[in-house]
Amino acid sequence: MFVMKRAGKVGFLALIVLLLLSLITQAQANPRYASIVIDADTGEVLHESRANASRYPASLTKMMTLYMLFEAMKQRRMTLHTRMLVSTHSASMPQTNIGLLPGDTISVRKAIPALIVRSANDVAAVVAEALGGTESNFGRLMTDKARKLGMNSTTFRNASGLPNSAQKTTAKDMVILSARLMKDFPQHYHYFSTQSFQYKGVTYNSHNRMIRNTEGVDGLKTGYIRASGFNVATSAKRGGRRVIAVVMGGKTAGSRDRHIANLLDRTFSKPPTIRSASVTPNVIPGIGAPVPVPKFKPPSNLKPVSKPIPLLEKLPDQAMMQLITHPDTRIIEVAMVDDNSWAVQIGTYLEHNRAQAQAEVANRWVAGEMVVTEVDVSNRKLFRARLEGLQEIEARTACKRLARQGMECLVVR
């Protein structure tokens with residue numbers, strides 16, 4: 001019996017050794033690999049493997065370049081129409097690029113899809129110089145911003161992700177950046193689903209096949225340099241649940257895509273974890289979705305009126321909000337004339353999924369029924385996104401809130 005117990009212990013130890021050897025072999029086979037999956041609404045880590053290991057970001061760097069650009073737009077230092085000058089330095093950036101020449105200019109509107117779809121290194125340098133004076137200084141600004149976002153293991157040296165031994169990050173930091181892009185600039189997230197764009201008569205198609213081929217995936221970025229392997233940051237939504245995932249160090253683009261698709265399938269196949277109050281989940285702070293805005297409830301002493309008061313729509317939003325606090329003021333009663341017959345129009349788009357995505361983004365900030373309708377403009381099918389079922393003051397308040405987030409909108413009946 002002693003011999004049997006000893007044999008059992010030996011067998012168990014041998015199994016442990018084999019498992020350790022297997023892990024070591026996998027690490028040696030692909031030492032660049034790292035991955036993480038989080039719940040986009042709570043920041044809870046659902047899967048991780050070497051998520052804190054130092055890695056080269058490659059073109060995932062451009063997500064931070066875009067973050068800085070979106071922030072400049074929010075601060076009104078840039079608009080979509082701002083034109084940025086191409087220097088000799090930025091024009092010298094190697095492939096991939098869009099062939100910018102010294103002295104050219106490119107608008108912010110064109111720069112955004114050039115960074116996402118083409119992953120253009122010359123455009124990244126143009127943005128860096130426009131915002132930071134020099135690309136090296138912009139790298140310092142990017143690093144400072146990374147620290148403020150909680151990306152404590154990330155250092156940037158350039159805006160593109162071109163090889164630099166000091167430019168390092170982790171899968172965890174990249175998932176933080178992905179989440180903050182979605183949370184801080186929801187009005188711009190639709191750009192990350194762009195599959196092609198044109199510049200000077202040339203059509204460029206996206207490297208990101210995940211959006212076309214994987215259920216629920218609707219955005220973010222791929223990247224590759226020889227030192228990093230094939231990287232991807234992606235987000236997917238299925239059944240009302242959204243997750244964000246990062247895989248770094250893939251051996252090929254195809255194997256990387258298959259692996260992250262498997263991670264997404266496994267994550268969505270498991271129901272959300274229900275924990276007792278005594279169990280603290282592994283949560284990345286600062287990632288949770290914005291708090292939804294409750295629907296406006298008018299004071300109970302208001303009475304409908306049959307005739308609207310003239311010139312009400314010329315009142316600025318601030319004046320209208322002041323009237324809400326004084327229910328004895330008769331002019332506020334106009335809000336009750338056509339109950340729930342107002343809408344906030346988010347925009348009109350060439351593609352249904354783009355309109356739907358933008359409506360979902362707006363709905364994260366304000367309440368309302370998401371509606372995407374097909375319209376015909378000059379014999380061309382377009383798709384209009386709206387939040388409907390609102391009262392007039394509700395709609396105006398909602399549009400004002402969206403405007404504060406940098407999201408253009410229009411109040412309509």
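The model is predicted, and the mean pLDDT of the chain is 82. The secondary structure amounts to twelve helices and 13 strands, and 49% of the 413 residues count as buried.

**Confidence**

- A pLDDT of 70 or more is reached by 78% of the residues of the protein chain.
- Over residues 22-27, pLDDT stays under 50, and the model has two contacts beyond four places in sequence for this segment.
- Residues 290-338 also stay under 50 in pLDDT; for this segment the model has 64 contacts beyond four places in sequence.

**Overall chain**

- Considering contacts between residues at least 6 apart in sequence, 66% join residues at least 24 apart.
- The protein chain has an accessible surface of about 20,500 Å², and carbon and sulfur atoms account for 55% of that area.

- Helix 11 covers residues 352-365, 14 residues in total. Its span from first to last C-alpha is 21 Å, close to the 20 Å expected at 1.5 Å a residue.
- The buried residues of helix 11 are Arg354, Ala355, Ala357, Gln358, Ala359, Val361, Ala362 and Trp365.
- Helix 12 covers residues 392-404 and has 13 residues. The distance between its first and last C-alpha is 19 Å, close to the 18 Å expected at 1.5 Å a residue.
- In helix 12, the buried set consists of Glu392, Ile393, Glu394, Ala395, Arg396, Ala398, Cys399 and Leu402. This set includes the charged residues Glu392, Glu394 and Arg396.
- As background to both lists, an α-helix has 3.6 residues a turn, so residues three or four places apart point the same way.
- After helix 12 comes Gly406, which has a positive phi, near 85°.

- The structure holds six aromatic pairs. One of them joins Tyr189 and Phe192, whose ring centres are 6.2 Å apart. The planes of these two rings meet at 35°, so the pair is tilted.
- Phe197 and Tyr204 form a stacked pair, with 5.4 Å from centre to centre and 25° between the planes. The angle lies under the 30 degrees that define stacking, and the pair is therefore classed as stacked.
- Phe197 counts as buried at 7% relative accessibility, and Tyr204 counts as buried at 12%.

**Charge over a ring**

- The ring of Tyr56 has the charged end of Lys168 over it, at 4.9 Å from the ring centre.

**Gly99**

- Gly99 is placed in the loop between helix 3 (88-91) and strand 4 (105-107).
- The relative accessible area of Gly99 is 46%. Partly exposed residues fall between the 20% limit for buried and the 50% limit for exposed, so Gly99 is partly exposed.
- Gly99 and Lys200 are 101 residues apart along the chain, and their C-alpha atoms are separated by 9.9 Å.

Terms used: Residues are numbered from 1 along each chain as its sequence is written. This is a predicted model: local features need pLDDT of at least 70, side-chain atom pairs count only at pLDDT 80 or more; totals for chains, interfaces and linings use all residues. Side-chain values use heavy atoms; hydrogens and water are left out. pLDDT is the predictor's confidence in each residue, from 0 to 100. Contact means heavy atoms within 4.5 Å. Helices (H or I, at least four residues) and strands (E, at least two) are DSSP runs, numbered from the N terminus. The expected span of a helix is 1.5 Å times one less than its number of residues. Buried means under 20% relative accessible area, exposed over 50%, partly exposed in between (1.4 Å probe, protein chains only). Accessible areas come from the Shrake-Rupley method with a 1.4 Å probe; for residues, only the protein chains shown count as cover. Rings of Phe, Tyr and Trp (its six-membered ring) pair if their centres lie within 6.5 Å; planes under 30 degrees apart count as stacked, over 60 as edge-to-face and the rest as tilted. A charge sits over a ring if NZ of Lys or CZ of Arg is within 6 Å of the ring centre and within 35 degrees of the ring normal.
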